[in-house]
Amino acid sequence: MEVFPLEAIDKIKVIKGIGEKTEKVFHKLGIETVQDLIEHYPRGYEEFDRPVPIASIQEGITIAIEASLVMTPKVKKIRNLQIVSTQVKDSSASISLTWFNMPFLQKTLRSGYHYIFRGKVIRKNGILVIEQPGIYQREDYYRLLKVLQPIYPLTEGITNAAISKSIKQVFLELTIAKDYIPKTIARDYQLMDRTKAIKEVHFPKDRESMMKARQRLVFDEFFLYSLALRKLKEKKTVLRTEYRMEERPECDLLIKAFPYTLTNAQLRVWEEIKKDLHGEYVMNRLIQGDVGSGKTVLAILSLLMAVKNGYQTSLMVPTEVLAKQHYKSLTGLLTELGISICLLVGSMTAKEKRETYENIKTHKVDIIIGTHALIQEKVEYDRLGLVITDEQHRFGVKQREALMNKGGNPHVLVMSATPIPRTLAIILYGDLDISIVDELPAERLPIKNCVVDTNYRPSAYRFIDKQVAEGRQTYVICPMVEESEAVEAENVIEYTERLKEALSEKVVVEFLHGKMKPKDKNDVMERFANGEINALVSTTVVEVGVNVPNATVMMVENSERFGLAQLHQLRGRVGRGEHQSYCIFVCGSSSKVAWERLEILNKSNDGFFIAGEDLKLRGPGDIFGIRQSGDLDFKLGDIFTDASLLKAAAEAVKKLTDNEVNNIFESNPYLEEKILNGLTGTL
Ligand code: ADP
Ligand code: MG
């Protein structure tokens, strides 16, 4: 049989050992081609350390012990589980071990014999046990000592070992990985060879070499990103606008009509926007501001100015819940000014959509608020002069582009709450001018925080009862929708039932999660916004943008499972009105690191400070850690910890001549498509 060498663009089913079934599972992980597979980087490594004395082990840590069995293992049946348990000892102490559904161990593990056991130490009924430990003969274990074993992101139906094997197989056949970086740059920045880097990052020789390999790949990500931005910028720099606007008295009247005075930061940014809209060039502006800094007002004023200059406008948001909310508040404010607003979201019926398209096309509506539905082919705008995207970090550059292309170069305003320092923002949002709302409304009371363990729940519930009796509302966030065998964490469905029992009968408790039908979601959200629901048990669907100023308590279960940036966004759902607000972070873990991390939130309500502290705590060693930096996600790169690489890559791209840029794109015909796609969720 003839053997063809593998190519990066080949579908993975050409890889030996990957059949139809495995292929499908890989698809679930977003892996279609050989290239995708080798870019499925480990999320971390497991490193086998020397065994430790049993007497020294602590709860929550993964360790190895070298010990002998003091008894023949016992098998116990509980429902459909078969639990094998035994007791082992070394010269310092003894400990119990348990395994699930591995009854054969009763025969293979022998009393009196020595083994090395490696696993996580947990506490069960008050005593320490190691659950599901790996079992090794001494020689085998010592061979693995200090070797970094890749740990991959998994999905149901595939094991870590299987992924590792497939990637090894690729490396047997694939000799060269695709490289976009000009040789001169690779040399100037002392980058490891890309093919070698990819191999090393999967199966590192040692820690040092893995770090160098990772550096190369992170550089690549940032390089391509900067290249994409450069391309984008070339397309639109100094575009003269067809939509010059005049200042309008309605805007000042609206500012006077608000029940509050604008902060200095809001006023400053509003001046910047007005200047752009009035100027000769197309506006491309990012408004960055912490949660609760009042960005929506700026969007509303801009929309009003554009509409009063005769243009159509649109506001794109990442969720239907948020679209509805904006629709409601804008309708309340702007309808009496003779402005017509409509909603366009995926869950509308075909008939409703058709009518809406017609109203848009004939300019019967001035402001269109919606989700991705706004960029559907069928939507035809009429003199679209301004497009705004809220919570921009949830969209890709591509979607922003698509919305822009709907008009003849409309003005663009994007809003984001992701806290990043200005120096990085200039690189990451290189194609935009940046305005920062760096001030919270003055009369806002700072949120009171606490970090507690689950024993605190009864007090928390009494507190919620009291707040509800005073007319306030509460969110309770759980990480899961429903019960799962694989993950031990609170879920919305069960928790809601328990909370109904625990709270006073008068409290109306409902739940909300992403798997509900859009109509039901909207219904619950609306009733919560109207105050008909007092306590809302929810997943993180409420994370972005939701504004119910009467809600004063945010209780987050299993807070240890969330990133700090995400917790900060969740906390941003309260403290939006005149009442004192509270945030209760319930920590379901006894790990010291988890508590330290949450302590950062306890100490500060400032998004920038939190991002910085988070960074310190993670430290440069924690290189493949869980993503914490919010939504500015690259596959490997972390804009905070890898800031210097980001700067280097941006600098490298800047130094390229136009010719060199064209060369890169011409010799890689799919690159433009690939990088623009890759930017989804990034900018
Ligand atoms: P974000 O920046 O997170 O999008 P919003 O625009 O939703 O914040 O504003 C949060 C809350 O603050 C809203 O209830 C809004 O009405 C209110 N708000 C906005 N600006 C001010 C201000 N200058 N003074 C007092 N409250 C304000
Ligand atoms: Mg907002």
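# Helices, sheet and hairpin

Visitor: Where H11 passes H12, is the crossing left-handed or right-handed?
Guide: This model is predicted. In it, H11 passes H12 in a crossing that is right-handed.

Visitor: Which residues of H11 and H12 make the contact?
Guide: H12 contributes His326, Leu330, Leu333 and Leu334. The partners on H11 are Thr296, Ile300, Leu303 and Leu304.

Visitor: How many residues does H12 have, and what does it reach from first C-alpha to last?
Guide: At 1.5 Å a residue, 21 Å is expected. The helix comes close to that. H12 has 15 residues and reaches 20 Å.

Visitor: Which residues of H12 are buried?
Guide: The cut-off is under 20% relative accessible area. Cover for these residues includes helices H9, H11 and H18, along with strands E10, E11 and E12. The buried residues are Glu320, Val321, Leu322, Ala323, Gln325, His326, Leu330 and Leu334.

Visitor: At what angle does H12 run to E11?
Guide: H12 spans residues 320-334. It lies across E10, E11 and E12. Its angle to E11 is about 175°.

Visitor: Which strands does helix H13 touch as it packs on the sheet?
Guide: H13 covers residues 350-361. Its direction makes about 135° with that of E11. The strands touched are E10, E11 and E12.

Visitor: What is the order of the seven strands in the open sheet?
Guide: The pairing is parallel. The edge strands are E11 (341-344) and E15 (433-437), and each pairs on one side only. Neighbouring strands are turned by 20° on average, direction ignored. The order is E11-E12-E10-E13-E14-E9-E15.

Visitor: Which residue in E15 stands opposite Ile287?
Guide: Strand E9 covers residues 284-289. Five bridges join E9 to E15, and the two run parallel. Opposite Ile287 stands Ser435.

Visitor: Does Cys342 count as buried or exposed?
Guide: Cys342 is found in strand E11. Leaving aside neighbours within four places in sequence, its contacts are Tyr327, Thr356, Ile360, Val365, Ile367, Ile368 and Ile369. Its relative accessibility is 10%, so Cys342 counts as buried.

Visitor: How many Å apart in space are Cys342 and Thr331?
Guide: In sequence they are 11 residues apart. From C-alpha to C-alpha, the distance is 8.8 Å.

Visitor: What is the count of buried residues in strand E3?
Guide: E3 spans residues 74-78. The strand is hardly covered. Among its five residues, the count is zero.

Visitor: Which residue in the turn of the E3 and E4 hairpin has a positive phi?
Guide: Five bridges join E3 to E4, and the two run antiparallel. Lys76 stands opposite Ile83 in E4. Two residues lie between the strands. The one with a positive phi, about 45°, is Arg79.

Visitor: What do the buried residues of H5 pack against?
Guide: H5 has 14 residues and reaches 21 Å, close to the 20 Å expected. Its buried residues are Ile163, Ser164, Ser166, Ile167, Gln169, Val170 and Phe171. They pack against helix H1, helix H2, strand E8 and helix H7.

Notes
Residues numbered from 1 in each chain as written. Chains lettered and ligands numbered in written order. Predicted model: local features only at pLDDT ≥ 70, side-chain atom pairs only at ≥ 80, totals over all residues. Heavy atoms only, no water. Pairing = 2+ DSSP bridges. Helix = DSSP H or I, 4+ residues; strand = E, 2+ residues; numbered from the N terminus. Axes fitted to C-alpha atoms, helices over the stretch in contact; angles between N-to-C directions. Contact = heavy atoms within 4.5 Å. Expected span 1.5 Å × (residues − 1). Buried < 20%, exposed > 50% of the residue type's maximum accessible area, 1.4 Å probe, protein only. Left-handed = near helix turned anticlockwise from the far one by under 90°.
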